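This report concerns helices, aromatic pairs and helix packing. Please consult the sequence and the structure shown below.

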Amino acid sequence: MNSKMSECCDCLDVLTSAHSISVVPPATMIEENLRRDSVYIVSVVDYRDFHSEGVYKATYTIYHQYTMGVGPNRDGIMLLLSMDDRDWAMFCYGSHCEYAFNSYGQEKLEKVFLDNFGEDDWYGGFEDYVKECRVYLEKAANGKPVRASLFFPMLVVIGLSLLAAIAIVAVIWQKMDNVSEKTTANAYVAAGLRLTEQTDRFTHKTTSSRKIERSSSSGGSSRSESGGGGSGRSGKF
């Protein structure tokens with residue numbers, strides 16, 4: 001841990017007979033009105049030392065094994081970095097914490113620090129993580145937790161309503177139209193006129209094209225997780 005990180009937070013080495021983990025509680029009890037929640041950063045060499053079935057399960061195993069969290073419900077959020085294979089996971093535990101960090105908030109939160117970790121900027125990633133957690137906790141304490149905007153869902157509803165209205169008008173218009181389209185001119189020829197020759201002449205054709213955009217993937221993948229009494233996310237950095 002470099003000097004800059006020491007300035008940012010207190011570090012506690014938790015030793016066991018089999019392995020060592022570094023626990024960083026940089027934002028524990030950030031302010032007096034946020035004492036219900038704790039924010040942890042944990043780094044390990046290999047998460048399999050704690051649980052062989054996945055980095056997320058290893059994360060909540062560590063959280064419970066070392067009795068992390070504050071208050072009677074042990075509320076807290078923990079970020080785990082497993083350095084060997086560059087795996088990471090985030091675990092949110094307790095009703096107060098899950099109110100502050102719901103599934104949308106967790107997905108948004110990871111975008112703040114993953115780019116730093118992808119470039120091995122550990123201090124920058126830890127600092128961004130802690131600062132963003134502070135924002136989330138402050139918003140939740142004020143009764144305005146981070147939530148998805150309702151603007152785009154409302155646009156979808158409005159768009160579907162317009163499509164339904166257009167479909168109804170089209171059906172009514174079709175019923176009112178008594179003139180049927182003919183493919184030849186025979187129906188418009190007077191009864192006394194006799195055609196001796198009928199030909200079809202090709203004049204032109206119209207074609208249109210559309211470029212198919214291919215989405216490019218960048219960085220590591222991540223997914224939503226649940227278990228251990230809480231929720232979170234995991235992936236690669």
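## Helix α2 and the basis of the model

In helix α2, which spans residues 55–65, the buried residues are V55, Y56, A58, T59, Y60, I62 and Y63; buried denotes under 20% relative accessible area, exposed over 50% and partly exposed in between, with a 1.4 Å probe and protein chains only. Helices (H or I, at least four residues) and strands (E, at least two) are DSSP runs, numbered from the N terminus. An α-helix has 3.6 residues a turn, so residues three or four places apart point the same way. After α2 comes T67, with a positive phi near 50°.

This is a predicted model, in which local features need pLDDT of at least 70 and side-chain atom pairs count only at pLDDT 80 or more, whereas totals for chains, interfaces and linings use all residues. Residues are numbered from 1 along each chain as its sequence is written, and side-chain values use heavy atoms, with hydrogens and water left out.

## Aromatic pairs

The structure contains 15 aromatic pairs. Rings of Phe, Tyr and Trp (its six-membered ring) pair if their centres lie within 6.5 Å; planes under 30 degrees apart count as stacked, over 60 as edge-to-face and the rest as tilted. The pair of W88 and F113 is edge-to-face, because the ring centres are 5.7 Å apart and the planes stand at 85°. W88 belongs to strand β5 (residues 87–93) and F113 to helix α4 (residues 103–118), so this pair ties together parts 25 residues apart in sequence. W88 is buried at a relative accessible area of 0%, and F113 is buried with a value of 0%.

F117 and F237 also form an edge-to-face pair, at 6.1 Å centre to centre and 65° between the planes. F117 lies in α4 and F237 in the segment after β7 (230–236), 120 residues apart. F117 is buried at 0% relative accessibility, and F237 is buried at 11%. Ring pairs join W88, F113, F117, W122, F126, Y129 and F237 into a cluster.

## Packing of α4 against α5

Helix α4 packs with helix α5 (residues 122–141) at an angle of about 160°, the axes lying 7 Å apart. Axes are lines fitted to C-alpha atoms, for helices over the stretch in contact, and angles run from 0 to 180 degrees between N-to-C directions. The two helices are therefore roughly antiparallel, a term for angles over 145 degrees.

Contact, meaning heavy atoms within 4.5 Å, involves residues of α4 including L109, F113 and F117, and residues of α5 including W122, F126 and Y129.

Terms used
Parallel < 35°, antiparallel > 145°, perpendicular 65-115°, else oblique.
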